[in-house]
Amino acid sequence: QVQLAESGGGLVQPGGSLRLSCAASGTIFSINNMGWYRQTPGKERVFVATITTDNITNYADSVKGRFTISRDNAKNTVSLQMNSLKPEDTAVYFCYGRIKRSGWTRPNDFWGPGTQVSVSS
């Protein structure tokens, strides 16, 4: 069994900052890419940022220069530092990890339950 759990969401004013964290736990053999997606009501989940095991990062154009993704391979965690937040960043943020479980031959994508980020004055 593998689980991901996000933390750090909340309400912030425009221009403010939040830091999201996500921890993976369970029968983990290895973790490949980790990342973040977000979703607003009635819309599809969209890519925000991803990071490889070698710390190569990729960002959606809408968050470049404002968000920073990082990971701690020893702790199986991924974080998202969000600065200069805008109302359009309001969404439920989901972390994911491409995880190979102990005893399994192939990795699978696992998702956290999501955490709400609201940007409003």
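Guide: Ser118 has a relative accessible area of 21%, so it counts as partly exposed. Please keep in mind that this is a predicted model.

Visitor: Which strand holds Ser118?
Guide: Ser118 belongs to strand β11, which covers residues 115–119.

Visitor: And what does Ser118 touch, leaving out residues up to four places away in sequence?
Guide: Its partners are Gly10, Leu11, Val12 and Thr90. For Thr90, the C-alpha atom is 4.5 Å from that of Ser118, although 28 residues separate the two along the chain.

Visitor: What does the side chain of Ser118 make a polar contact with?
Guide: With the side chain of Gln116, at 3.3 Å.

Visitor: Let us step back. How many helices and strands does the chain have?
Guide: There are eleven strands and zero helices. Read from the N terminus, the order is therefore β-β-β-β-β-β-β-β-β-β-β.

Visitor: What radius of gyration does the chain have, and what would a compact globule have?
Guide: The chain has 14 Å, and a compact globule with 121 residues would have a value near 14 Å, so the two agree. The C-alpha trace spans about 50 × 30 × 20 Å along its principal axes.

Visitor: What percentage of the residues is buried?
Guide: Buried residues account for 38% of the 121 in the chain. The accessible surface amounts to about 6,600 Å², and carbon and sulfur atoms contribute 47% of that.

Visitor: Of the contacts between residues at least 6 apart in sequence, what share joins residues at least 24 apart?
Guide: That share is 56%. The pair Ser118 and Thr90, 28 residues apart along the chain, is one that touches.

Visitor: How many positive and negative charges are there?
Guide: The chain carries 13 positive and 8 negative charges, and their mean positions lie 4 Å apart.

Visitor: Now back to serines. Is Ser79 buried or exposed?
Guide: Ser79 is buried, because its relative accessibility is 10% and the limit for buried is under 20%. Ser79 sits in strand β8, residues 77–82.

Visitor: What surrounds Ser79? I mean what it touches, not counting residues up to four places away in sequence.
Guide: Ser79 touches Arg19, Leu20, Ser21, Trp36, Thr68, Ile69 and Ser70.

Visitor: Trp36 is on that list. Where does Trp36 lie?
Guide: Trp36 is part of strand β4, which runs over residues 28–39. With a relative accessible area of 0%, Trp36 is buried. Its C-alpha atom is 5.4 Å from that of Val48, a residue twelve places away in sequence.

Visitor: And Tyr37, buried or partly exposed?
Guide: Tyr37 is partly exposed, at 23% relative accessibility. Tyr37 is also in strand β4, as is the buried Trp36.

Visitor: What are the contacts of Tyr37 beyond four places in sequence?
Guide: Tyr37 touches Arg45, Val46, Phe47, Val48, Val92, Tyr93, Phe94, Tyr96 and Trp111. Trp111 is 74 residues from Tyr37 along the chain, and their C-alpha atoms are separated by 9.7 Å.

Visitor: Changing topic to the loops: where is Glu44?
Guide: Glu44 is in the loop between β4 and β5. At 68% relative accessibility, Glu44 counts as exposed.

Visitor: What does Glu44 touch, again beyond four places in sequence?
Guide: Glu44 touches Arg38 and Gln39.

Visitor: My last topic is backbone angles. What is the phi of Asn55?
Guide: Phi of Asn55 is near 65°, which is a positive value in a residue other than glycine. Asn55 lies in the loop between β5 (46–51) and β6 (57–59) and is partly exposed, with a relative accessible area of 47%.

Visitor: And what about Asn76?
Guide: Asn76 is not a glycine either, yet its phi is positive, at about 55°. Asn76 is placed in the loop between β7 (67–72) and β8. Its relative accessibility of 23% makes Asn76 partly exposed.

Methods. Residues numbered from 1 in each chain as written. Predicted model: local features only at pLDDT ≥ 70, side-chain atom pairs only at ≥ 80, totals over all residues. Heavy atoms only, no water. Helix = DSSP H or I, 4+ residues; strand = E, 2+ residues; numbered from the N terminus. Rg over C-alpha atoms; globule rule 2.2 N^0.38 Å. Buried < 20%, exposed > 50% of the residue type's maximum accessible area, 1.4 Å probe, protein only. Contact = heavy atoms within 4.5 Å. Areas by Shrake-Rupley, 256 points an atom, 1.4 Å probe, with all protein chains shown as cover. Lys, Arg positive; Asp, Glu negative; His and termini not counted. Charge placed at Lys NZ, Arg CZ, Asp CG, Glu CD. Polar contact = N/O pair within 3.5 Å; in protein donor to acceptor, adjacent residues only side chain to side chain.
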